[in-house]
Amino acid sequence: MAERKAIIGSRVGLHARPAAIFAEAAAELPVEVTIALEGEPADEAMDASSILSLMGLGAEHGTTVVLRAEGEGAEAALDQLVTILETDHDAE
C-alpha cells in the first residue's frame, strides 16, 4: 500500500472550495484513496473522494494528513493529490 503525508496548504483548511477540488481529483483517479489525520489508525481513514468526509475531517491550515492507496498507479495518484493539498487554493 502506498502512503504519503501532506500538509494542508489552504488558509481556510480543507473546507468548501479546497475540499471540492481535492474530492473531484480523487474521484477521477484509477485507485481508491483514503485520507486520515496524522496519528489516526488506518482503519479509521475516510474516502478521499467524498466531500462530506473531507469537510468532517476538520483539517485546518498546517494540519498533516495521511493519504493511502493500493494498486497500479497508486504512487503517481498520491503524488498528484499531495500537490493539490499543499497548494493554497484560496490565494488564487
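This briefing covers the helices, the surface and the salt bridges of the structure above. The model is predicted. Helix 1 and helix 3 each have a buried side, listed residue by residue below. Five salt bridges occur in the structure. Some of them link distant parts of the chain, such as Glu75 with Arg4.

**Helix 1**

- Helix 1 runs over residues 16–27, which makes twelve residues.
- At 1.5 Å a residue, helix 1 should span 16 Å.
- Six names make up the buried set of helix 1: Pro18, Ala19, Phe22, Ala23, Ala25 and Ala26.
- Viewed down the axis of helix 1, these buried residues fall within an arc of 165°, so they line one face of the helix.
- An α-helix has 3.6 residues a turn, so residues three or four places apart point the same way.
- Exposed residues Glu24 and Ala27 sit on the face of helix 1 turned away from its buried side.
- What covers the buried residues of helix 1? The cover includes strand 2 (33–37), helix 2 (51–57), strand 4 (64–69) and helix 3 (74–85).

**Ala16, a residue to look at**

- Ala16 belongs to helix 1.
- Its phi is positive, at about 40°, although Ala16 is not a glycine.
- Buried, exposed or partly exposed? Ala16 has 47% relative accessibility, so it counts as partly exposed. The exposed class needs over 50%.

**Helix 3**

- Helix 3 also has twelve residues, and at 1.5 Å a residue they should span 16 Å. The end C-alpha atoms of helix 3 are 16 Å apart, which agrees.
- The buried residues of helix 3 are Ala74, Ala77, Leu78, Leu81, Val82, Ile84 and Leu85.
- Around the axis they cover an arc of only 155°, so they lie on the same side of helix 3.
- On the face of helix 3 turned away from the buried side, Ala76 and Thr83 are exposed.
- Which elements do the buried residues of helix 3 pack against? They pack against strand 1 (2–7), helix 1, strand 2 and strand 4.

- Ile51, Leu52 and Met55 make a nonpolar surface patch of about 290 Å².
- Leu52 is part of helix 2.
- Leu52 has a relative accessible area of 70%, so it is exposed.

**Salt bridges**

- How many salt bridges does the structure hold? It holds five.
- One of them joins the side chains of Glu75 and Arg4, at 2.5 Å from N to O. Glu75 is in helix 3 and Arg4 is in strand 1, so this pair links distant parts of the chain, 71 residues apart.
- Both partners are partly exposed: Glu75 has a relative accessible area of 44%, and Arg4 has 21%.
- Glu38 pairs with Lys5 in another salt bridge, with the closest N and O atoms 2.9 Å apart. This pair also links distant parts of the chain. Glu38 is in the loop between strand 2 and strand 3 (46–47), while Lys5 is in strand 1, 33 residues apart.
- Glu38 is partly exposed at 42% relative accessible area. Lys5 is partly exposed at 49%.
- Asp88 and Arg11 form a salt bridge too, and their closest N and O atoms are 2.7 Å apart. Asp88 lies in the segment after helix 3 and Arg11 in the loop between strand 1 and helix 1, so the pair ties together parts 77 residues apart in sequence.
- Arg11 is exposed, with a relative accessible area of 53%.

- Where is Glu72? It lies in the loop between strand 4 and helix 3.
- Glu72 has a relative accessible area of 77%, so it is exposed.
- In sequence, Glu72 and Val31 are 41 residues apart. In space, their C-alpha atoms are 7.5 Å apart.

Conventions
Residues numbered from 1 in each chain as written. Predicted model: local features only at pLDDT ≥ 70, side-chain atom pairs only at ≥ 80, totals over all residues. Heavy atoms only, no water. Helix = DSSP H or I, 4+ residues; strand = E, 2+ residues; numbered from the N terminus. Expected span 1.5 Å × (residues − 1). Buried < 20%, exposed > 50% of the residue type's maximum accessible area, 1.4 Å probe, protein only. Arc of directions from axis to C-beta. Contact = heavy atoms within 4.5 Å. Patch = residues over 30% accessible without salt bridge, like charges linked within 9 Å, V, L, I, M, F, W, Y side chains within 5 Å. Areas by Shrake-Rupley, 256 points an atom, 1.4 Å probe, with all protein chains shown as cover. Salt bridge = Lys/Arg side-chain N within 4 Å of Asp/Glu carboxyl O.
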